[in-house]
Amino acid sequence: MNSQILQCGSGDPNWVEIATLICLVVGGLFAWWQWRKSQKAVHIENMRQLLNEFKDGETQKFFYRYLKNPATRIYDTSFNFEVGVEGPLDRLLTLYSTVCYMFECGVIERREFAFFSYQIHKALLNSQIVRYLEDMALKSQTAIRGSYPFLPLVREGVRMGGDLAYRRILNLQSSKKRGY
């Protein structure tokens with residue numbers, strides 16, 4: 001009996017060990033496949049929610065009314081907005097900044113970012129938006145680092161080769177003093 005136990009663990013592998021190894025590999029591959037499938041399902045659901053927020057009627061109405069045409073006046077210097085523009089503009093820019101952040105982190109792939117890029121780039125090319133983002137950066141200069149909510153959006157402005165103000169904003173934010 002003792003010689004039989006010793007033979008099982010030493011020497012050539014027997015059929016039980018081979019079958020166990022095969023089951024382990026097949027089970028591992030199946031678990032990995034199921035995990036990948038669930039990750040894709042979560043990603044698709046997140047993209048669906050993001051697209052729904054992006055395609056929201058009020059968001060689209062605001063974009064096409066105020067941002068598509070750069071001649072439409074929405075912002076003057078020193079936080080002087082047209083009536084009813086500030087809240088929807090901040091919500092829209094926050095959404096755009098969130099999309100840019102998700103793209104930077106790899107949550108959204110380049111081909112998925114293409115769904116959003118037209119409107120984001122159109123907004124970033126609007127001189128009034130540039131001015132507003134720069135004024136926000138100046139205002140937040142003395143605030144706690146990280147309080148500038150549009151930094152991913154500004155980085156996208158730099159990546160797309162937009163206005164030089166985007167580089168100034170990045171420099172301003174990177175040199176900002178911590179104020180705890």
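What share of the 180 residues in the protein chain is made up of buried residues? After that, please take helix α7 and what surrounds it: which of the residues in α7 are buried, and which helices do they pack against?

Reply: Buried residues make up 31% of the 180 residues in the protein chain. Buried means a relative accessible area under 20%, exposed means over 50%, and partly exposed is in between, using a 1.4 Å probe and protein chains only. This is a predicted model, in which local features need pLDDT of at least 70 and side-chain atom pairs count only at pLDDT 80 or more, while totals for chains, interfaces and linings use all residues. Residues are numbered from 1 along each chain as its sequence is written, and side-chain values use heavy atoms, with hydrogens and water left out.

The chain has eight helices and two strands. Helices (DSSP runs of H or I, at least four residues) and strands (runs of E, at least two) are numbered from the N terminus. Read from the N terminus, the order is α-α-α-β-β-α-α-α-α-α. A contact is a pair of heavy atoms within 4.5 Å. Of the contacts in the chain with a separation of 6 or more, 68% are between residues 24 or more positions apart.

Now to α7, which covers residues 151–159. Its buried residues are Pro152, Leu153, Val154, Glu156, Gly157 and Val158. These pack against α4, α5, α6 and α8. After α7 comes glycine 161, which has a positive phi, near 80 degrees.

One of the buried residues is charged. Glutamate 156 counts as buried because its relative accessible area is 4%. It forms a salt bridge with arginine 159, with 2.9 Å between the closest N and O atoms. A salt bridge here is a side-chain nitrogen of Lys or Arg within 4 Å of a carboxyl oxygen of Asp or Glu. Both partners belong to α7 and sit three residues apart, about one turn of the helix. Arginine 159 is only partly exposed, because its relative accessible area is 43%.

Glutamate 104 has a relative accessibility of 30%, so it is partly exposed. Together, Glu104, Arg155, Glu156 and Arg159 are linked in a network of salt bridges. The count of salt bridges comes to eight.

A helix that α7 packs against is α5. Helix α5 runs over residues 110–124 and spans only 18 Å between its end C-alpha atoms, whereas a straight helix of 15 residues would span 21 Å. That expected span is 1.5 Å times one less than the number of residues. There is also a kink of about 55 degrees in α5, centred on phenylalanine 116. The bend at a residue is the angle between axes fitted to the seven residues ending there and the seven starting there.

In α5, the buried residues are Glu112, Phe113, Phe116, Ser117, Gln119, Ile120, Ala123 and Leu124. What covers them includes α2, α3, α4, α6, α7 and α8.

Leucine 67 is found in helix α3, and it counts as buried because its relative accessible area is 1%. Its C-alpha atom is separated by 8.6 Å from that of glutamine 119, which is 52 residues away along the chain. Leaving aside residues up to four places away in sequence, leucine 67 touches Phe62, Ile74, Leu89, Leu92, Lys122, Ala123, Asn126 and Ile129.

Leucine 24 gives a contrast. This leucine is found in helix α2, and it is exposed because its relative accessible area is 62%.
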